[in-house]
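Here are a few exercises to work through with the model open beside you. Try each task before you read its solution.

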Amino acid sequence: MAQLIEIEKVAVAPRHFTARVRIANGGPLTTDQDLVGTTHVYRLLPEICDHTCLGDAGTTFKDAMGATEVAHLLEHVAIELMACTGLAGDISCGRTWDVVGEPRTFDIQLACPDDVLVASALSSAAWILQWAYSGGADPKPDVDAIVSGIRELVNHADEVAKAEEKRDEHAAEVAQ
């Protein structure tokens with residue numbers, strides 16, 4: 001399967017991170033269109049069933065998970081990864097809605113304690129869904145390793161930014 005989820009653009013505000021995502025043609029648009037792939041996600045991250053979910057189906061994601069948009073599942077996988085890092089505070093839900101006039105396109109809004117945390121969790125969530133809806137072959141994603149990688153990325157983002165600034169300053173000096 002081609003890339004299932006394309007993150008087209010992101011917007012970072014002081015309190016929210018919003019990503020516009022597009023679900024590829026030929027990929028499942030809703031969780032009930034590929035129950036095997038959806039089951040792979042739930043078995044990998046069973047805690048998402050207990051997430052608060054204020055959608056039409058009930059009060060937890062378990063109430064909606066059988067027939068919801070894959071983008072909504074992406075939201076909850078990202079939230080779970082952020083929660084597992086221990087860096088997200090009390091984030092328990094986000095919001096997903098379809099983009100009017102743009103088929104298969106959704107905006108996902110998540111609380112943003114740290115833009116590196118949210119971006120890396122969302123990217124990792126998209127990768128997990130790609131794995132699940134491409135057959136869920138072994139080896140399955142190592143959630144602990146993914147969470148550890150996100151945590152390390154967040155913890156070292158400032159160091160990386162400072163190193164890039166130094167490199168850019170040095171390149172400017174050399175160019176003069």
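**Exercise 1: α3 and α5**

Helices α3 and α5 are roughly perpendicular to each other, a class that covers angles of 65 to 115 degrees, with under 35 degrees counting as roughly parallel, over 145 as roughly antiparallel and the rest as oblique. This is a predicted model, in which local features need pLDDT of at least 70 and side-chain atom pairs count only at pLDDT 80 or more, while totals for chains, interfaces and linings use all residues. Residues are numbered from 1 along each chain as its sequence is written, and side-chain values use heavy atoms, leaving out hydrogens and water.

Task: find the angle between α3 and α5, and the residues that make the contact.

Solution. Start with the geometry: α3 (residues 70-85) packs against α5 (residues 143-175) at about 70 degrees, and their axes are 9 Å apart. Axes here are lines fitted to C-alpha atoms, for helices over the stretch in contact, and angles run from 0 to 180 degrees between N-to-C directions. The helices themselves are DSSP runs (H or I, at least four residues; strands are E, at least two), numbered from the N terminus.

Next, list the contact (heavy atoms within 4.5 Å). From α3 come Leu 81, Cys 84 and Thr 85, and from α5 come Val 143, Ile 146, Val 147, Ile 150 and Arg 151. Sorted by class, these are six nonpolar, one polar and one charged. Ala, Val, Leu, Ile, Met, Phe, Trp, Tyr, Cys and Pro count as nonpolar, Asp, Glu, Lys and Arg as charged, and the others, Gly among them, as polar.

**Exercise 2: α4 and its partners**

Task: describe how α4 crosses α5, then how α1 crosses α4.

Solution. First, the axes of α4 and α5 come within 9 Å and cross at roughly 155 degrees, which means α4 is roughly antiparallel to α5. In α4, Ser 120, Ser 124 and Trp 127 are among the residues that meet α5, where the partners include Leu 153 and Ala 157. This contact has 10 nonpolar, two polar and no charged residues.

Second, the axes of α1 (residues 35-44) and α4 (residues 115-133) come within 7 Å and cross at roughly 130 degrees, so α1 is oblique to α4. Among the contacting residues are His 40 and Leu 44 in α1 and Trp 131 and Tyr 133 in α4.

**Exercise 3: backbone checks**

Task: which peptide bond is cis, and which residue other than glycine has a positive phi?

Solution. Begin with the background: most residues other than glycine have a negative phi, and most peptide bonds are trans. The cis bond joins Asp 138 and Pro 139, with omega about 0 degrees. Pro 139 lies in the loop between α4 and α5. The positive phi belongs to Arg 104, near 65 degrees, in the loop between β3 (95-98) and β4 (105-111).
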